[in-house]
Structures are given as structure tokens and as C-alpha cells.
Amino acid sequence: YRREIMAEDDEIEASWLVYGGFDEGLCKVKRFKIPETWPVFCGHDFGTANPATLFVAQVRLPLPADAPVYLRYGDYVAFNEYAPGAGCSPVQHKDRWKEIITGYRLEMAVGGNITTEEETRQLYRTLGWPIHAPSIGKVNAQIDRVIALMGQKQFYVFEDMHRLLTQIADCMWIVDEEKRPTNKIKDEAKYHLLACLRYLATFMPVKMLYMDESNIVRWDD
């Protein structure tokens, strides 16, 4: 709409997107069965009205037959999203999370603001669902981790996860009077699944590509 109707410049538009580096052509993939040997991570965004949880698996080899052949050991695949809206109790949330990951090994659950939501994390710990605080507190630093993961093609999303994909495509920086992006997100509070991803990313190591002396592309942690 902005490009075709408003005739805005493509390059400027791309700079407005927070996660413009997400490569849909490569990293939006058809759903396949996540092997039970793959560790699972959960990111949580708390709240009474709009709670959200993102479920991500980490790739292990060998790949299942129906998975994209270019997935690498240690990549991450978002395979489920939970956004029930208002009206559910903490016990109901916890029961639903356990149902979603039945048969899988939960490696870690992460969520909430480091300083203001510890009581919520403590509540879920008493219910048998331990949630850790993010290892990085500042929102922009968390965003940088997500951008790095996407830039290194380490983060993949199943194509039927419409809410997460829509949030990735819609999340934009606020622009100043000269249409230059600032470091603040427009309507940040509505991107609950992206908040889950930000929290998770604080524990996801970013691997770097490098070229060795034989001109072979390799990974370095």
C-alpha cells in the first residue's frame, strides 16, 4: 500500500521496517514435523488482555525428510504461536503450553521485563513452569539480537504462522519529520509475539559466516 498507493520510495520504506532483513523467500518455510529430539524454547509476553507465547525448536541433524535441505545445525524454527486473548488463568495458560510441547524436551522458557515482572515469573515457577528473565534488559539491544539472527539466516518460521509473520512484516520504526527512522518502534505494545522473540533472542547465540583459505563458507560461533 505505501509503495503502490502512496508512491513512497522502496529504499526509504525498507529502512522503516524493524525486521526488514527477514528473508521471506528463504526463511518462511512449509510446515514439517519437528523431531522430538530437537530442543524447544518458549518465549513469553505476559499480560491479562494480550498474553502471548512463541515456541521455537533448535535444529539437530539429520534433518527430517520434509524439512528444507538448507537448514543447519543450531538454526531456529518457530513452529507454534499462542495468543488466546483475555480470559484465561495462569493455570490454563500453563496447561495449554504443556499440551503444545507434549513429547518434546523444553530447554528453556524466557519472558517478561527483567525488573518489573519477576513476580509473574515466580507465579509460573510455583505452577511448575519455570520462566527465566531475559539476559538483556534493553529493548533495542534485544531487537539487535533478533536482527542479527535474521541477517545470518538462523531464524525460520512456518508459513502458516500468520500472526508472527504479519507482525514481522508490519513492525516499523517511528520516523522523524524528515522521514528518517528513529530508534523507537511505532505501536510497540501491540507486537506481543515479537516481544516473545526478543526475549528468546537474548539466549540465542548468533553464528557468523566466514570464508576460509579454500574459499569455503563456514560457520563460527
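User: Among contacts in the chain between residues at least 6 apart in sequence, what share joins residues at least 24 apart?
Analyst: Keep in mind that this is a predicted model. It has a chain with 7 helices and 10 strands. Once you take contacts between residues at least 6 apart in sequence, the share joining residues at least 24 apart is 64%.

User: How much of the chain is buried?
Analyst: Buried here means under 20% relative accessible area. Out of 221 residues in the chain, the buried ones make up 42%.

User: How is helix 5 oriented against helix 7?
Analyst: Their axes are 8 Å apart and the packing angle is about 85°. Angles of 65 to 115 degrees count as roughly perpendicular, so helix 5 relative to helix 7 is roughly perpendicular.

User: Which residues of helix 7 make the contact with helix 5?
Analyst: On the helix 5 side, the contact uses Val 139, Gln 142, Ile 143, Arg 145, Val 146, Leu 149 and Met 150. By class, the residues of this contact split into 8 nonpolar, 1 polar and 2 charged. From helix 7 you get Leu 197, Arg 198, Tyr 199 and Ala 201.

User: And which residues of helix 7 make the contact with helix 6?
Analyst: Helix 6 (residues 162-170) packs on helix 7 at about 85°, with the axes 8 Å apart, and that makes helix 6 roughly perpendicular to helix 7. Helix 6 brings Arg 163, Leu 164, Gln 167 and Ile 168 to the contact. The classes come out as 4 nonpolar, 2 polar and 1 charged. The helix 7 partners are His 192, Leu 193 and Leu 194.

User: How many disulfides does the structure hold, and how far from Cys 196 is the nearest cysteine sulfur?
Analyst: A disulfide needs a pair of cysteine sulfur atoms within 2.5 Å, and the structure holds 0 of them. Cys 196 is buried, at 0% relative accessible area. Its nearest cysteine sulfur is that of Cys 42, at a distance of 9.5 Å.

User: Is His 44 buried or exposed?
Analyst: His 44 is in strand 2 (residues 40-45). Leaving aside neighbours within four places in sequence, it has contacts including Trp 97, Trp 129, Ile 131, Cys 196 and Tyr 199. The relative accessibility of His 44 is 1%, so it counts as buried.

User: Where is the cis peptide bond to Pro 62?
Analyst: Most peptide bonds are trans. Pro 62 is in the loop between strand 3 (52-58) and strand 4 (76-82). The cis bond, with omega near 0°, runs from Leu 61 to Pro 62.

User: What is the phi of Lys 153, and what is the phi of Asp 187?
Analyst: Most residues other than glycine have a negative phi. Lys 153 is in the loop between helix 5 (139-151) and strand 6 (155-158), while Asp 187 is in the loop between strand 8 (181-185) and helix 7. Lys 153 is partly exposed at 23% relative accessibility, and Asp 187 is partly exposed at 45%. Phi is positive in both: about 55° for Lys 153 and near 55° for Asp 187.

How values were computed. Residues are numbered from 1 along each chain as its sequence is written. This is a predicted model: local features need pLDDT of at least 70, side-chain atom pairs count only at pLDDT 80 or more; totals for chains, interfaces and linings use all residues. Side-chain values use heavy atoms; hydrogens and water are left out. Buried means under 20% relative accessible area, exposed over 50%, partly exposed in between (1.4 Å probe, protein chains only). Axes are lines fitted to C-alpha atoms, for helices over the stretch in contact, and angles run from 0 to 180 degrees between N-to-C directions. Helices (H or I, at least four residues) and strands (E, at least two) are DSSP runs, numbered from the N terminus. Angles under 35 degrees count as roughly parallel, over 145 as roughly antiparallel, 65 to 115 as roughly perpendicular and the rest as oblique. Contact means heavy atoms within 4.5 Å. Ala, Val, Leu, Ile, Met, Phe, Trp, Tyr, Cys and Pro count as nonpolar, Asp, Glu, Lys and Arg as charged, and the others, Gly among them, as polar.
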